[in-house]
Amino acid sequence: MLLAFCPHHRNFAHAQRFNRLCTASGANPPQLPNVHENASTRSTNELHVRKDRPVVAVFKLGPYTALGFANAEEHTAHPHEPKKDDLEKFKKWQEARLERKLRGEYESAVFHLAELVNQNLETSLSVASVRVDGATNTRKSFLGWLIQPWLARHTDDRASKTNNLQGALYTARGISHILQETDLFHSVDAKIQRSRDYLAGEGDVDIVVTTREKGRFYLKTATEFGNNEGSVSVTGRVRNIFGGAEFLEGHYSAGTKTRRSFQGLLSLPLSPSLRTTGQLSLFSQERDLSSFASCSEILHGLKVAINSNWGVHGVHEVAYQAILRHINNLAPSASVSIREHAGQTIKSSISHSWTKDTRDDKLAASRGYYCKLFQELAGLSGDVSFYKAEVESQISRRPVPGMSLSLAARCGLLKPLTGPSHFSDRFQLGGPLSLRSFKANSMGPRDGVDSLGGDIYWSTGVSLVSDIPRKPHWPIKSHIFVNAGRLDAMDGMKGLSENLIGCLRKPSISAGVGLIYRFDPVRVEVNFGVPLVASKSDGVRRGFQVGIGMEFL
């Protein structure tokens, strides 16, 4: 005998499935319009009925009906359901099924919540207060300074259209975003709750921001490669030192060309939007210049800067520098020109720079452009007086998939205001980062074995970069390049236009092929090139050349 009963408090299959089971077993049940999915069945020799499950069918089984019944149940399973004897596959199938179910429930809940919010965007609400929880090391006055502009936009005009749910959501999102921009918190979660003020009205709400602060102390040691030199460095940082998103950082490094370098930097926000910051830095540096000049240089300086990020209009920096320079450690073979510049000089200058970068990748761009303009005026006090300007630009395009074309250009002008220019202020040109197939800092005027630098220069380069065939995902790319440029000293007997034309008429040119390896955060190039045109004073480099750095021509 087969007894079928149906618990109505569950989800069950259609009656058709139950009918198929019964047909396969040889039974002829009555029509069961109310039988639900997954109806429970039990084979028994006696009538045994639970009180909470009403009987919907009772019929007799033949001697081989049980086997047929089981086979029928097996054939009615889901077509993609694995057999239960394969436990591993069955387990994965169940997990995937549960994941799909949970994802569906989540998407459904999100949809209903979005629908509910959209239907009530015009509901009148007013933000009464903002609370920030978890910011134990941050001053309340600083948090209020950041939040007040967002709160003022919502509360200044009570009759404005922003005093609704939409305005409250916009304010909560803005406050959450500005707190995240401070780089003080691991997480920032904003919620809108009914105001707990006893005098609050029916439409008054509070924005509650729950935060989790980052650690205040940071220490890192690293081995770095860049600008064709290697170094070992130690960096320490104290975050939020005074409770107002101030950062105090110290950096010390020792390297192959820059023997010793130290920098201490204090930065702090100057505007509630965090787009404007102030920086105060002290630095000291000892550089070995013996690869192109028979001397070393020691710098000790102070810099005060204000940075302002104007979004799509670029980043501006206005700075003041006071630097003590010392040309020392002259080699016995040092030229007379280098010996004339030996000793200490003081530079006091103000500068302005503007930078805009839309490249998709700073190391190997395939689209976008980069532009930087730098100007410096020295002579407020100190030993040198000059005007200096420099422009850098790069544009990249992808003509076909797997290949990018890059065009870069740089130029600079140094105009002394009193007397000749100083060796420490002049431009240097040449090397794998500026003009390939020439030795580093070896172009322009020379005196014996020493490169003296120049007052005016230009350089440009075209590179065609392509993926390795059948390996587009590799970090190695191939490229073909053509570079051209020149570095000259200003002739005081000629005008500025004559000096510019003379510099442009006699370029040094090189061409070659190579491989580019992306080794974040630097780029490594191994090139084989030859100088096609060179001046007599230029130091050329035929054959292979290796470059390591972040900014290439």
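Residues are called buried when their relative accessible area is under 20%, exposed when it is over 50%, and partly exposed in between, using a 1.4 Å probe and protein chains only. By that criterion, buried residues account for 39% of the 553 residues in the protein chain. The structure is a predicted model, in which local features need pLDDT of at least 70 and side-chain atom pairs count only at pLDDT 80 or more, whereas totals for chains, interfaces and linings use all residues. Residues are numbered from 1 along each chain as its sequence is written, and side-chain values use heavy atoms, with hydrogens and water left out.

**Overall architecture**

- The protein chain contains seven helices and 24 strands, where helices (H or I, at least four residues) and strands (E, at least two) are DSSP runs numbered from the N terminus.
- Taking a contact to be heavy atoms within 4.5 Å, 60% of the contacts between residues at least 6 apart in sequence join residues at least 24 apart.
- The protein chain exposes about 32000 Å², of which carbon and sulfur atoms supply 57%; accessible areas come from the Shrake-Rupley method with a 1.4 Å probe, and for residues only the protein chains shown count as cover.

**Salt bridges**

- With a salt bridge defined as a side-chain nitrogen of Lys or Arg within 4 Å of a carboxyl oxygen of Asp or Glu, the count comes to 20 salt bridges.
- One of these salt bridges joins the side chains of D206 and R131, with an N to O distance of 3.1 Å. Because D206 belongs to strand β6 (residues 204-213) and R131 to strand β4 (residues 126-133), this pair ties together parts that are 75 residues apart in sequence. D206 has a relative accessibility of 2% and therefore counts as buried.
- E286 forms a salt bridge with R259, in which the closest N and O atoms are 3.5 Å apart. The pair links distant parts of the chain, since E286 is in strand β11 (residues 276-288) and R259 is in strand β10 (residues 258-269), 27 residues apart.
- R260 also forms a salt bridge with E286, and here the closest N and O atoms are 2.5 Å apart. As R260 lies in strand β10 and E286 in strand β11, the pair ties together parts that are 26 residues apart in sequence.
- E286 counts as buried at 12% relative accessibility, while R259 is partly exposed at 29% and R260 is partly exposed at 44%.
- A network of salt bridges links R259, R260, E286 and D288.

- R239 lies in strand β8 (residues 229-239) and counts as buried, with a relative accessibility of 12%.
- The C-alpha atoms of R239 and D183 are separated by 9.0 Å, although the two residues are 56 residues apart along the chain.
- The side chain of R239 reaches the backbone oxygen of D183 at 3.0 Å.
- Not counting residues up to four places away in sequence, R239 touches D183, L184, K214, G215, R216, E246 and F247.

**Nonpolar surface patch**

- L280, L282, L302, V304, Y320, I350, L377, L380, Y387 and L417 make a nonpolar surface patch of about 830 Å². The elements that give two or more residues to the nonpolar patch are β11, β12 (296-309) and β15 (368-382).
- Patches are made of residues with over 30% relative accessible area and no salt bridge, like charges being joined within 9 Å and nonpolar side chains (Val, Leu, Ile, Met, Phe, Trp, Tyr) within 5 Å.
- Among the patch residues, L282 lies in strand β11.

Notes. Polar contact = N/O pair within 3.5 Å; in protein donor to acceptor, adjacent residues only side chain to side chain.
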